[in-house]
Amino acid sequence: MGETMGPTSSTESETHGRVLVLLARGQADQDALAVRLSPEDRAARGELHDWSPKDHVAHNNFWRQDAIWRLHTSLEGGSPPDTEDVQAWNHRVFREQRETPWEQLVAETKRLRAETAALIQQLSPDDLSQRDRYPWQRGESLETLILVNWYDHPAEHWADVYLSRHEVDRALELRQTVATTVRELFPHYPKMYSYMVYKLGGYCARSGRSEQAIGAIREALAVNSSLSEQVRKDTDLDSLRALPEFQALYEH
């Protein structure tokens with residue numbers, strides 16, 4: 001007699017394994033930044049358009065909470081809270097969390113991770129991976145939601161912090177690791193990898209690493225030629241536009 005898949009068997013699936021890896025790596029990236037910060041860095045008070053490290057943590061915690069709201073909705077029905085106006089929410093979170101101590105924010109990250117992992121265990125592989133399962137996900141899956149809110153988007157923030165500290169190699173290494181992780185975890189979804197390696201190219205261009213940037217953009221276009229229009233317009237790539245090697249990428 002067969003068994004209905006419950007939480008224990010669900011977490012043993014390949015899909016569950018992937019999303020739990022994303023949670024773990026997202027946490028590890030934040031922890032890796034934390035150990036490089038002095039007590040003064042951690043306590044620093046940011047401005048609305050010049051965030052301190054703890055403002056970045058508060059911001060990412062909010063979007064981790066947004067993922068939790070969506071996971072709850074997938075289990076309970078209905079619609080998640082409306083977070084469509086991203087800029088308004090980002091400004092609100094900055095104002096509300098500006099005085100929150102570093103220690104409280106990182107404790108909140110750990111709490112959010114535990115809650116997210118518990119919700120993941122209640123979902124089936126199809127719940128997580130099917131891209132048309134929930135209309136409020138607009139064609140994306142819960143798996144992609146977790147990738148973005150827990151791993152890729154936070155890594156963008158940590159890379160920006162590293163760049164602000166003139167730790168260029170560390171910022172680029174982080175973005176390379178994100179691209180490699182996505183390629184390894186989602187071999188069935190090459191377009192996702194193309195977006196990650198494209199982002200790496202943007203960070204390389206912003207950092208004056210032209211050759212590395214062109215190599216990354218070339219790889220992204222080889223996987224996903226539809227990115228060519230974005231390459232033409234992306235201001236992060238403006239430092240490359242006079243280079244014949246770069247022009248050849250989107251002219252071709």
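A salt bridge here is a side-chain nitrogen of Lys or Arg within 4 Å of a carboxyl oxygen of Asp or Glu. Keep in mind that the model is a predicted one.

**Exercise 1.** Work out which parts of the chain the pair aspartate 41 and arginine 165 ties together.

Solution. Start with the distance: N to O is 3.1 Å between these two side chains, and they form a salt bridge.

**Exercise 2.** Find how arginine 111 and glutamate 115 are placed in their helix.

Solution. First, the contact: their closest N and O atoms are 2.9 Å apart, a salt bridge. Then the spacing: both belong to helix H6 (residues 102-120) and are four residues apart, about one turn of the helix. Glutamate 115 is partly exposed at 24%, and arginine 111 is partly exposed at 37%. Stepping over to a network, salt bridges with shared partners connect Arg36, Asp41, Arg165, Glu167 and Arg170.

**Exercise 3.** How many salt bridges does a search of the whole structure find?

Solution. The search turns up 23. One of them pairs arginine 92 with glutamate 96 at 2.9 Å, N to O. Both lie in helix H5 (residues 86-97), four residues apart, and arginine 92 is partly exposed at 38%.

Key: Residues are numbered from 1 along each chain as its sequence is written. This is a predicted model: local features need pLDDT of at least 70, side-chain atom pairs count only at pLDDT 80 or more; totals for chains, interfaces and linings use all residues. Side-chain values use heavy atoms; hydrogens and water are left out. Helices (H or I, at least four residues) and strands (E, at least two) are DSSP runs, numbered from the N terminus. Buried means under 20% relative accessible area, exposed over 50%, partly exposed in between (1.4 Å probe, protein chains only).
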